[in-house]
Each structure stands twice: as structure tokens, then as C-alpha cells.
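Here are my notes on this model, as numbered points. Please keep the structure open while you read.

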Amino acid sequence: MCTCEIAAFGRACALSRLEIAAGRSQLWTMMANSSVTYDVAVVGGGPAGLTTAIALAQYGANTALIARRAPYADNRTTALLGASIDLLQRLNVWQRCEDKAAALKTMWLADDTGRLIRAPEVRFSSEEIGLETFGYNIENRDLITALEERAGGLANLTRLDDEAQSVAPDDPAVTIHRAGGGSVAARLVVGADGRHSLCREAAGIDVTRHDLAQAALTFNIAHTRPHRNVSTEFHTALGPCVFVPLPGDRCSVV
């Protein structure tokens with residue numbers, strides 16, 4: 001091969017490399033701009049939304065979870081009964097927070113209405129029906145921490161740290177426009193976004209609201225005597241007052 005032919009061949013190889021590089025760049029751009037259609041998108045990152053997203057992803061669905069990663073400052077508690085505990089165990093969540101929950105072994109109901117004829121006190125024990133416990137009471141923030149840890153370990157669960165701005169149902173997919181920009185498409189959308197749910201509105205589900213003129217106050221306390229895993233419910237003239245055990249000498253009051 002002569003010198004001119006070698007030079008021409010070199011230029012042709014260089015051009016080919018440039019074309020290949022340009023093609024790859026174009027392909028990467030197309031891939032970056034293409035939207036993935038998920039099997040399921042879950043809107044809302046509370047206990048219900050996280051549990052649903054984990055369950056779907058664990059059993060094989062390509063799942064997106066759209067929810068803000070914000071410090072969970074909810075001081076309320078949740079009493080989880082048997083079926084809920086079974087679900088959290090199957091999802092490998094309960095093992096991460098069991099030590100932060102208090103067993104509910106006895107339920108004691110007392111009439112504190114002050115009426116002349118009062119209802120007798122009633123005490124239910126889990127042993128009477130062959131159970132070690134009725135369930136467990138746990139602070140919501142501890143439950144959320146365990147759920148977040150489990151969600152972070154699932155390969156086919158994509159966590160989008162954002163909020164849904166609008167939800168547009170269509171065939172064959174639903175498009176969720178995000179507040180921070182961009183959108184997510186999914187074949188199925190689960191609305192776990194609270195009582196003012198965008199998903200519910202998008203699905204055309206009407207809501208009838210009634211003002212019951214009632215309010216609830218909840219807080220957690222420490223006490224000097226042990227609760228012995230007894231959930232105590234006083235029925236008063238102004239409504240029920242319930243003391244639900246927490247780990248240690250503590251209770252959640254509602």
C-alpha cells in the first residue's frame with residue numbers, strides 16, 4: 001500500500017470513529033429523553049404508600065414511588081393488628097422495627113360517663129383466643145424509617161423525590177406530571193396521597209363529606225407505673241379516652 005493510500009485509509013478510519021461516536025451520542029441522548037412506562041406508580045410516601053410500593057416491587061412489578069423525602073415529624077402512633085404484622089413480616093419490614101413496638105396483650109374498657117347505671121368493666125385477653133398478642137403499637141416515624149430502609153434495597157423500585165402536580169389518565173398509560181418538572185408514565189397508578197387526593201380526583205371518584213363537629217387530641221406520655229401491655233379505654237361523657245402502650249413506661253393517649 002502506497003503512502004497516499006495509507007493516508008486515505010487513516011482518514012477513513014478516523015471518520016468512521018467520529019461517525020460511531022456521534023451515533024453513540026445520539027443514541028444516549030434518545031435513551032435519556034425517552035420516558036419509561038412503569039408497571040405501577042405509587043403517589044404518596046406515608047405508611048400506606050410505602051407499604052404498597054414495597055409489596056409491588058418485591059413481587060416483580062417495575063414500580064415508581066413519587067413522594068418527598070422529608071423528615072417524618074408525625075408523633076402519632078399506629079396500632080397494627082395481626083394481618084398487618086403478617087404483611088410487614090413478609091415484606092421484610094417488621095424485623096427492622098419490632099424492637100420499637102409495644103405488644104397489645106389486654107384491652108380494658110371502663111365506663112367513666114358518671115351515669116347512674118354504668119356499663120360493667122370489660123377486659124379482653126389475647127390468650128383467651130389463643131394469641132400471644134392482639135397486635136403492636138408503634139410510633140409512625142419508627143415505622144416510616146423501617147419502610148424507607150426496605151424500599152431503598154429493592155432494585156426495581158424507583159424513588160422519585162418529588163410531588164405529583166397533576167394526574168392524567170389515558171390509554172394505555174397514566175401520565176403523572178411532577179411538581180419539580182418532568183413526568184412519569186405508568187400502566188397503573190395507586191393513590192396514597194391523602195384526603196385531598198389528586199389521583200382520586202383524576203379517576204372521577206366523588207366524595208361526600210360530613211362535619212361531625214368532633215375533634216381528637218393525641219400525645220405521648222411517660223408514667224411511673226408499668227402498663228403491663230394493657231390498652232385502657234375510658235368512655236367518658238365527652239367521648240373516649242384511650243391509653244395505648246408504647247415501649248417502656250410510655251403510652252400514646254387519644
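1. A salt bridge here is a side-chain nitrogen of Lys or Arg within 4 Å of a carboxyl oxygen of Asp or Glu. Glu148 and Arg159 form one, with their closest N and O atoms 2.7 Å apart. The pair links distant parts of the chain: Glu148 sits in helix 4 (residues 140-151) and Arg159 in strand 8 (residues 157-160), 11 residues apart. Helices (H or I, at least four residues) and strands (E, at least two) are DSSP runs, numbered from the N terminus.

2. A word on the basis. The model is predicted, so local features need pLDDT of at least 70 and side-chain atom pairs count only at pLDDT 80 or more, while totals for chains, interfaces and linings use all residues. Residues are numbered from 1 along each chain as its sequence is written, and side-chain values use heavy atoms, with hydrogens and water left out.

3. Are the two partners in point 1 buried or exposed? Buried means under 20% relative accessible area, exposed over 50%, and partly exposed in between (1.4 Å probe, protein chains only). Arg159 is buried, at 18%. Glu148 is partly exposed, at 22%. Leu147 is also found in helix 4. Leu147 has a relative accessible area of 0% and is buried. The C-alpha atoms of Leu147 and Trp94 are separated by 8.7 Å, and these residues are 53 apart along the chain.

4. How many salt bridges does the rule give? The count comes to nine. One of them joins Arg187 and Asp39, at 3.2 Å from N to O. Arg187 lies in strand 11 (residues 183-191) and Asp39 in strand 1 (residues 37-43), so this bridge links distant parts of the chain, 148 residues apart. Arg187 counts as exposed, at 52% relative accessibility. Asp39 counts as partly exposed, at 30%.

5. Asp111 and Arg115 make another salt bridge, with the closest N and O atoms 2.9 Å apart. Asp111 is buried, at 7% relative accessibility. Arg115 is partly exposed, at 49%.

6. Now the rings. A pair of aromatic rings is described by the distance of the centres and the angle of the planes. Rings of Phe, Tyr and Trp (its six-membered ring) pair if their centres lie within 6.5 Å; planes under 30 degrees apart count as stacked, over 60 as edge-to-face and the rest as tilted. The count comes to three aromatic pairs. Trp108 and Phe234 form an edge-to-face pair, 5.8 Å centre to centre with 70 degrees between the planes. Why does this pair tie together parts of the chain? Trp108 lies in strand 5 (residues 106-112) and Phe234 in strand 13 (residues 230-236), so the parts it ties together are 126 residues apart in sequence.

7. Phe234 also pairs with Phe243. Their ring centres are 6.2 Å apart and their planes are at 90 degrees, so this pair is edge-to-face. Phe234 is partly exposed, at 26% relative accessible area. Phe243 is partly exposed too, at 25%.

8. Next, the pockets. On a 1 Å grid over the protein atoms alone, a cavity is a set of points where a 1.4 Å probe fits but cannot get out; a pocket is an open set with protein on both sides within 12 Å along at least five of seven lines, and lining residues have an atom within 4 Å of a point. Grid points are joined across faces, edges and corners, and a volume is the space filled by probe spheres set on the points. The largest pocket has a volume of about 390 Å³. It is lined by 21 residues, of which Gly44, Gly45, Ala67, Arg68 and Glu163 are the closest to its centre. The lining divides into nine nonpolar, five polar and seven charged residues. For these classes, Ala, Val, Leu, Ile, Met, Phe, Trp, Tyr, Cys and Pro count as nonpolar, Asp, Glu, Lys and Arg as charged, and the others, Gly among them, as polar.

9. The second largest pocket has a volume of about 300 Å³. Its lining has 13 residues, and the closest to its centre are Ala215, Ala216, Gly239, Pro240 and Val254. By class, the lining holds 10 nonpolar, three polar and no charged residues. Strand 14 (residues 239-246) gives the most to this lining, with four residues.
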